[in-house]
Amino acid sequence: MDGRRRLAQSLKRIEQRRRTKPVARTGALRHVGASDRFHGDPTRVAKRPSRITRFMRRWVALVERFNPPRFTGLVGSLLLISASIGYGVVKGDHVAMTAELLRDAPNAVANAAGLHIAAVSLSGEKHVSRAEIFAAAGVNEHASLLLLNVDKARDQLKAIPWIADAMVRKLYPDRLQIAVTERSAFALWQRAGKVSVISADGTVVSEAPGQFLALPFVVGRGADTRARDFLTLLDRYPAIRDQVRASILVAERRWNLRLKNGIDVRLPENDIEQALDRLVELDRDKGLLTRDITTVDLRLPDRVTVRLSQDASQAREDALKEKDKKPAKRKGGDA
């Protein structure tokens, strides 16, 4: 520095002089430059660190300056213990049991506090067992009254086909009330060769029709939802209803009746009452349904078409042939 506090020499020149500092070699002075780095000279300037070395030094410096927060060691220990327990659970095939214990832990706390389910009042069940109702409502030995979700229990009960409605009520401190309203078995429905029990609204309530064989029998796609209206109409004609073996919905448009004696009655799509009135009248006056026929067609409003059985048709043809063979009677006697 000079007397005016200024630099006597430029910093740039000082730096250049440092780079060209003379190095003694065998009694002679020489300047070491950048070209000496590649000639194997033992007195050359040290090489610049490689990229990997610089990268490692940078990360080591970052690690040294890192100041971990409090309780890092405690958290790490807990994570290690949890990982060990999890490995043991998976390795020992205890996942399901552990999940059940964790799921029932809140109920265990509530039960310990005195909010357990000591008694259940159940009413309205007929076709559904108590065990099935309790399972659907979530009532078991581990359940607590406090944590039981009554809305969820009601929805799960209504998911059972037989149950049309359900009521679930908590009566603290330890009682639960469940009331169910079951559907009534209305008819047997056959579709795709399979027979099921249906209620009046068409809900399939059972796939086992064994104890319901006396119910009306309907067949065809869509017959489940249309059976109530048609069978209610058919009840107004007991003379016909008692002879019906099955009601068949054809193309989801109109009904056919299969009688117990094998006769098929084809009803129209509209004006079913008028067709049934005509059928009752023909059977009462002429004994139509007791004859040797296979089909009664009532689809046309102005006529009734009847198809004879094969034996009756053959007998009729034979009778006509015999009639044709007989000579006609002459008037006035023989000439």
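Trainee: Are Phe 230 and Trp 255 buried or exposed?

Mentor: Buried means under 20% relative accessible area, exposed over 50%, and partly exposed in between (1.4 Å probe, protein chains only). In this predicted model, Phe 230 is buried, and Trp 255 is buried too.

Trainee: What should I know about how the model is handled?

Mentor: Residues are numbered from 1 along each chain as its sequence is written, and side-chain values use heavy atoms, leaving out hydrogens and water. As the model is a predicted one, local features need pLDDT of at least 70 and side-chain atom pairs count only at pLDDT 80 or more, while totals for chains, interfaces and linings use all residues. Here pLDDT is the predictor's confidence in each residue, from 0 to 100. The protein averages a pLDDT of 81, and 70% of the residues score at least 70.

Trainee: How do I describe two aromatic rings?

Mentor: A pair of aromatic rings is described by the distance of the centres and the angle of the planes. Rings of Phe, Tyr and Trp (its six-membered ring) pair if their centres lie within 6.5 Å; planes under 30 degrees apart are stacked, over 60 edge-to-face, and the rest tilted. By this rule there are three aromatic pairs. One of them joins Phe 55 and Trp 59: the centres are 6.1 Å apart and the planes are at 65°, so this pair is edge-to-face.

Trainee: Where do Phe 55 and Trp 59 lie?

Mentor: Both are in helix H2 (residues 51-65), four residues apart, which separates them by about one helical turn. Helices (H or I, at least four residues) and strands (E, at least two) are DSSP runs, numbered from the N terminus. Phe 55 is partly exposed at 43% relative accessibility, and Trp 59 is partly exposed at 46%. Phe 230 and Trp 255 form a stacked pair, 4.4 Å centre to centre with 10° between the planes. Phe 230 belongs to helix H7 (residues 223-234) and Trp 255 to strand E11 (residues 254-259), so this pair ties together parts that are 25 residues apart in sequence.

Trainee: Which side chains make polar contacts with the side chain of Ser 196?

Mentor: A polar contact is a pair of N or O atoms within 3.5 Å; within protein, one must be able to donate a hydrogen and the other to accept it, and residues adjacent in sequence count only if both atoms are side-chain atoms. The side chain of Ser 196 has such a contact with that of Arg 191 at 2.5 Å, and with that of Glu 207 at 2.7 Å. Ser 196 lies in strand E7 (residues 194-198) and is buried, with a relative accessible area of 0%.
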